[in-house]
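Visitor: Could we go through this structure together? I would like to start with the strands and then move to individual residues.

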Amino acid sequence: MVVRWARHEVKVDRYTLVAGSLMMLLWDGREDSPTFGREQAVQLSLSGTRQVRIPTGVWHLIFSQGNEPAYFVNFPTQPYHHHEPDRILLPWDTAELPVDVRKYLPKF
């Protein structure tokens, strides 16, 4: 399952994988960042990287990498405000970000 792209303007996401395997795609949309415009793919697995911190302003997208369900927990730096959410969402296949998500999708 592919989740849509998300970006936060205030909070920092801190994800921890607890089961399964996930791929996380990142694209840095912060114009004042030394990594502006770069994409990065991070494989989360129980035998490797299990935690990732996503700074404010960085677009991120997560999808499962295996046949087993994957579970993760987010410990954001700010609580979620339902009346005024701190997130901007885009479809996974948006043309607004120069990332070819299809090249990362698993081939079953």
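Guide: Let us begin with strand β6 (residues 58-64): seven of its seven residues are buried, so the strand is largely enclosed by the rest of the structure. Buried means under 20% relative accessible area, exposed over 50%, and partly exposed in between (1.4 Å probe, protein chains only). Strands (E, at least two residues) are DSSP runs, numbered from the N terminus.

Visitor: What sort of model is this, and which atoms count?

Guide: The model is predicted: local features need pLDDT of at least 70 and side-chain atom pairs count only at pLDDT 80 or more, while totals for chains, interfaces and linings use all residues. Residues are numbered from 1 along each chain as its sequence is written, and side-chain values use heavy atoms, with hydrogens and water left out.

Visitor: Back to β6, then. Which residues point which way?

Guide: V58, H60, I62 and S64 point one way, and W59, L61 and F63 point the other way; all are buried.

Visitor: How does β3 pair with β6?

Guide: Strand β3 (residues 21-28) pairs with β6 in the antiparallel sense, over seven bridges. Two strands count as paired if DSSP finds at least two bridges between them. Within this pairing, M24 stands opposite I62 of β6.

Visitor: Which residues make up the largest nonpolar core?

Guide: That core has 12 residues: W5, M23, L25, W27, W59, L61, F63, L90, L97, V99, V101 and Y104. Strands β3 and β6 each supply at least two of its residues. A nonpolar core is a set of buried Ala, Val, Leu, Ile, Met, Phe, Trp, Tyr and Cys residues joined through side-chain atoms within 4.5 Å. There is also a second, separate core of 11 residues, which includes Y15, M24, L44 and V58.

Visitor: And what does Y104 touch?

Guide: Not counting residues up to four places away in sequence, Y104 touches L25, E39, A41, F63, Q65 and V99. Contact here means heavy atoms within 4.5 Å.

Visitor: Let us take L22 next. Is it buried or exposed?

Guide: L22, which is found in strand β3, counts as buried at 4% relative accessibility. With residues up to four places away in sequence left out, L22 touches L17, V42, Q43, L44, I62, F63, S64, Q65, A70 and F72. The C-alpha atoms of L22 and E96 are separated by 23 Å, and these residues are 74 residues apart along the chain.

Visitor: Changing topic: how many aromatic pairs does a search of the whole structure find?

Guide: The search finds two. Rings of Phe, Tyr and Trp (its six-membered ring) pair if their centres lie within 6.5 Å; planes under 30 degrees apart count as stacked, over 60 as edge-to-face and the rest as tilted.

Visitor: Where do Y15 and F72 lie?

Guide: Y15 lies in strand β2 (residues 13-19) and F72 in strand β7 (residues 71-74), so the pair ties together parts that are 57 residues apart in sequence. Y15 is buried, with a relative accessible area of 9%, whereas F72 counts as partly exposed at 37% relative accessibility.

Visitor: Which sheet do β2 and β7 belong to?

Guide: They belong to an open sheet of three strands, in the order β5-β2-β7, with antiparallel pairing. The edge strands are β5 (51-54) and β7, each of which pairs on one side only. Four bridges join β2 to β5, and R14 stands opposite R53 in β5.

Visitor: What about D13?

Guide: D13 lies in strand β2 and is buried, with a relative accessible area of 1%. The bridge partner of D13 in β5 is I54. The side chain of D13 makes polar contacts with the side chains of H8, at 2.8 Å, and of Y15, at 3.3 Å. A polar contact is a pair of N or O atoms within 3.5 Å; within protein, one must be able to donate a hydrogen and the other to accept it, and residues adjacent in sequence count only if both atoms are side-chain atoms.

Visitor: Finally, is P34 buried or exposed?

Guide: P34 counts as exposed, at 78% relative accessibility. P34 lies in the loop between β3 and β4 (39-45).
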